[in-house]
Amino acid sequence: MAEKRIGQQTIILSNPPRIISHHCTVGPMEGRGPLAKYFDDILDDDLLGQTTPEKAELAILEQTINKTLNKKSLFVQDIQFYIAGDLLNQIISANFSARSIDTSFLGIYSACSTFTQGVGLGAILIDGGYADKVLSATSSHYQTAERQFRYPIELNVKRKPTNQHTVTGAGAVVLASDGDGPKITSVTFGKVIDLGIKDVNDMGSAMAPAAIDTLTQHLKDTGRTVGDYDLILTGDLSRQGKKMFTILAKDAGLSLGEKHQDAGVMIYSPQQPVGAGGSGCACSAVVTIGYVFKEMVQGKYSRVLIIATGALTNALTFQQGESIPGIAHAIVIEV
Amino acid sequence: MDPQQKAKQEAYQKLVKEHSPKPNAWKHVMWAFLIGGAICVLGQLMLDIFTKLERTETEAAAATLAAMIFLGAVATGLGFYDDLAEIGGAGTAVPITGFANTVVAAAMEFRREGIILGMGSKMFVIAGPVLVFGILSGFIVTLIRALLTGLF
């Protein structure tokens, strides 16, 4: 029996890695939302002066990584692994960003749950003694995601109330075996759950069952209750997904109340034209790095469960009538 | 799929359906009517003007269509046709300005992948089906009419 595992899916990090440096960048739309004061950088121009949105996403990611390293005067030579992923085909933003990071690179994809997957994997590498410092980053961009998954930007389509708006931004963290900062104490990698939702305009409902599965499994494995956490933050269920998540939680005998927040709901105000809320790899990343970490330093939260959620679909499978499998990866952050 | 999983899926899909926001159809219809109607009023004004300028009614109609397509393209290029669509819905999609929007929006979007392989090949990616099935249904209707009225 692997000694660092408890229950079916949870890994306990006995030497919890610390997040010694972190940085998040968001676009102008997110900068007009209610969390604006928490973000490290708010861009005036979501294209960052680049000629294509793909180049812009890469530039945002690279800028975020550089600032994360510079904050603590870290150098690429100090980093043993770079783990990154994004939403684009062949995780191209992550792959391109790795060109300028001279270390072992692991490109990962689990749609919008990539952030916790990356941080979780990085934490395990450090806890296992395979690395001293790991850099983990994710990015997403409204325009690149729209053109890959939906329609041209200027096309006359009316947004459905359950549609979500991809967050433009990037988040990066450096995990280390020693140093100061919030620590990652356990990781629960989720299972793929598919309850047959086929509506690409309602990813929240497609992902909610995966989020509840990971949450209940995590609580079962650790023997904890909802009350043991100050905050349970889901990634990007949005208003519709949050509604379904709450119903499913009730069915599972959990009363979440104010303990549960969703990054996709928090990042925009209800007045912004974003449908049901935010989504994208950057959504859970920037809300965790911007809001959660800062509030943890302020003492508002001391133990937080982050459950980033991903909808595992692509532009072809939904046209072929396939359903949308969901996944959710959880990490526990403590100060 | 095993029956237990199937029952679970069906139960969840029913639950989602029950808790999905119900669109306010009357509100959408009203906005579609107002915005779509306004576009049509503009078209009618154009037609009135061109009727005075052109020799025949067919020529005036053709000029009106060209003018409306031009306006739709410009509004797309300036970036506000999609904002109008967010309010007007089908009211902006049905008139010919909406058709112009689908072509121009796609052309703008794929311009970055080059003039030929980008813009050229993707320009009709949205408008394509409208053309294909528009022409096909036109052919079928004409064929039926020809058979019924005995033109052969």
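What share of the contacts in chain A with a separation of 6 or more comes from residues 24 or more positions apart? The report takes up this point under the second heading, after a note on the model.

## The model

The structure described here is a predicted model.

## Chain A: contacts and burial

Residues 24 or more positions apart supply 80% of the chain A contacts that have a separation of 6 or more. Of the 335 residues in chain A, 58% are buried.

## Chain A: elements and dimensions

Chain A contains nine helices and 15 strands. Its radius of gyration is 18 Å, close to the 20 Å given by the globule rule for 335 residues, so chain A is as compact as a globular protein of that length. The C-alpha trace of chain A spans about 55 × 50 × 35 Å along its principal axes.

## Chain B: a pair of helices

Two packed helices are described by the angle between their axes and the distance between the axes. In chain B, helix H2 covers residues 25-53 and helix H3 covers residues 57-77. Their axes come within 8 Å and cross at roughly 135°. Angles from 65 to 115 degrees count as roughly perpendicular and those over 145 as roughly antiparallel, and H2(B) and H3(B) are therefore oblique to each other. Their crossing is right-handed.

On the H2(B) side, the residues in contact are Gly43(B), Met46(B), Leu47(B), Phe50(B) and Thr51(B). They meet Glu57(B), Ala60(B), Ala61(B), Ala63(B), Thr64(B), Ala67(B) and Met68(B) in H3(B). By class, this contact has eight nonpolar, three polar and one charged residues.

Technical notes. Residues are numbered from 1 along each chain as its sequence is written. Chains are lettered from A and ligands numbered from 1 in the order in which they are written. This is a predicted model: local features need pLDDT of at least 70, side-chain atom pairs count only at pLDDT 80 or more; totals for chains, interfaces and linings use all residues. Axes are lines fitted to C-alpha atoms, for helices over the stretch in contact, and angles run from 0 to 180 degrees between N-to-C directions. Helices (H or I, at least four residues) and strands (E, at least two) are DSSP runs, numbered from the N terminus. Angles under 35 degrees count as roughly parallel, over 145 as roughly antiparallel, 65 to 115 as roughly perpendicular and the rest as oblique. A crossing is left-handed if the near helix is turned anticlockwise from the far one by less than a right angle, and right-handed if clockwise. Two residues are in contact if their C-beta atoms, placed from the backbone, lie within 7 Å. Ala, Val, Leu, Ile, Met, Phe, Trp, Tyr, Cys and Pro count as nonpolar, Asp, Glu, Lys and Arg as charged, and the others, Gly among them, as polar. The radius of gyration is taken over C-alpha atoms; the globule rule is 2.2 Å times the number of residues to the power 0.38. A residue is buried if 20 or more other C-beta atoms lie within 10 Å of its own, exposed if 12 or fewer, and partly exposed in between; C-beta atoms are placed from the backbone.
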